[in-house]
Amino acid sequence: MYIYEGHLGNLYVSDEPLEYEDLYCEECGDSDWLVGYAETKEEAWELLKDDTDINGSGGWDYGYVQEFLKNWEE
């Protein structure tokens, strides 16, 4: 799945790569961006772990990322 970071502070996935028009927000002029592609939960974690707050390191909330990773079946 393709992992995207939303310009409003969320993560989401898509089965297909999204076009720029789908990522662009006409309201605020900002856009979402592709984080990367992952087929497994482990691959998704590898893409997200450096931007995840572990022990006060800043970034995505660890609990939020763990909940997000439930998009992948074990």
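1. The hairpin of strand 1 and strand 2 has five residues between the strands, and G9 there takes a positive phi near 95°. The coordinates discussed in this note belong to a predicted model. Strand 1 covers residues 2-5 and runs antiparallel to strand 2, to which four bridges join it. Strand 2 comprises residues 11-14. Within this pairing, V13 of strand 2 is the residue that stands opposite I3.

2. Strand 1 has a further pairing to consider. With strand 3, strand 1 pairs in the antiparallel sense, again over four bridges. I3 also stands opposite G36, a residue of strand 3.

3. As background, the strands of a sheet pair through backbone hydrogen bonds, in either a parallel or an antiparallel manner.

4. S14 is found in strand 2. Is S14 buried or exposed? Its relative accessibility is 14%, and because the limit for a buried residue is under 20%, S14 counts as buried. A polar atom of the S14 side chain lies 2.6 Å from the backbone oxygen of E16. Leaving out residues up to four places away in sequence, S14 touches M1, Y2 and Y4.

5. The aromatic side chains can be taken next. How many aromatic pairs does a search of the whole structure find? The search finds five. One of them is formed by Y4 and Y12, a stacked pair with 5.5 Å centre to centre and 15° between the planes. Y4 counts as buried at 2% relative accessibility, whereas Y12, at 21%, counts as partly exposed. In the pair of W60 and Y64, the ring centres are 5.5 Å apart and the planes stand at 15°, so this pair is stacked. W60 counts as buried, with 13% relative accessibility, while Y64 is partly exposed, with a relative accessible area of 30%.

6. Where is D51 placed? D51 is in the loop between helix 2 and strand 4. At 46% relative accessibility, D51 counts as partly exposed. Apart from neighbours within four places in sequence, D51 is in contact with G58, G59 and W60. D32 and D51 are 19 residues apart along the chain, and their C-alpha atoms are separated by 16 Å.

7. The backbone at N55 should be noted by anyone inspecting the torsion angles. N55 has a positive phi of about 60°, although N55 is not a glycine. This residue lies in the loop between strand 4 (52-53) and strand 5 (60-61). N55 is exposed, with a relative accessible area of 81%. In the hairpin of strand 1 and strand 2, by comparison, the positive phi noted above belongs to G9.

8. The protein chain contains three helices and five strands. Read along the sequence, these elements follow the pattern β-β-α-β-α-β-β-α. The C-alpha trace spans about 35 × 25 × 15 Å along its principal axes. Of the 74 residues in the protein chain, 27% are buried. For contacts between residues at least 6 apart in sequence, 45% join residues at least 24 apart.

Note on methods
Residues are numbered from 1 along each chain as its sequence is written. This is a predicted model: local features need pLDDT of at least 70, side-chain atom pairs count only at pLDDT 80 or more; totals for chains, interfaces and linings use all residues. Side-chain values use heavy atoms; hydrogens and water are left out. Helices (H or I, at least four residues) and strands (E, at least two) are DSSP runs, numbered from the N terminus. Buried means under 20% relative accessible area, exposed over 50%, partly exposed in between (1.4 Å probe, protein chains only). A polar contact is a pair of N or O atoms within 3.5 Å; within protein, one must be able to donate a hydrogen and the other to accept it, and residues adjacent in sequence count only if both atoms are side-chain atoms. Contact means heavy atoms within 4.5 Å. Two strands pair if DSSP finds at least two bridges between them. Rings of Phe, Tyr and Trp (its six-membered ring) pair if their centres lie within 6.5 Å; planes under 30 degrees apart count as stacked, over 60 as edge-to-face and the rest as tilted.
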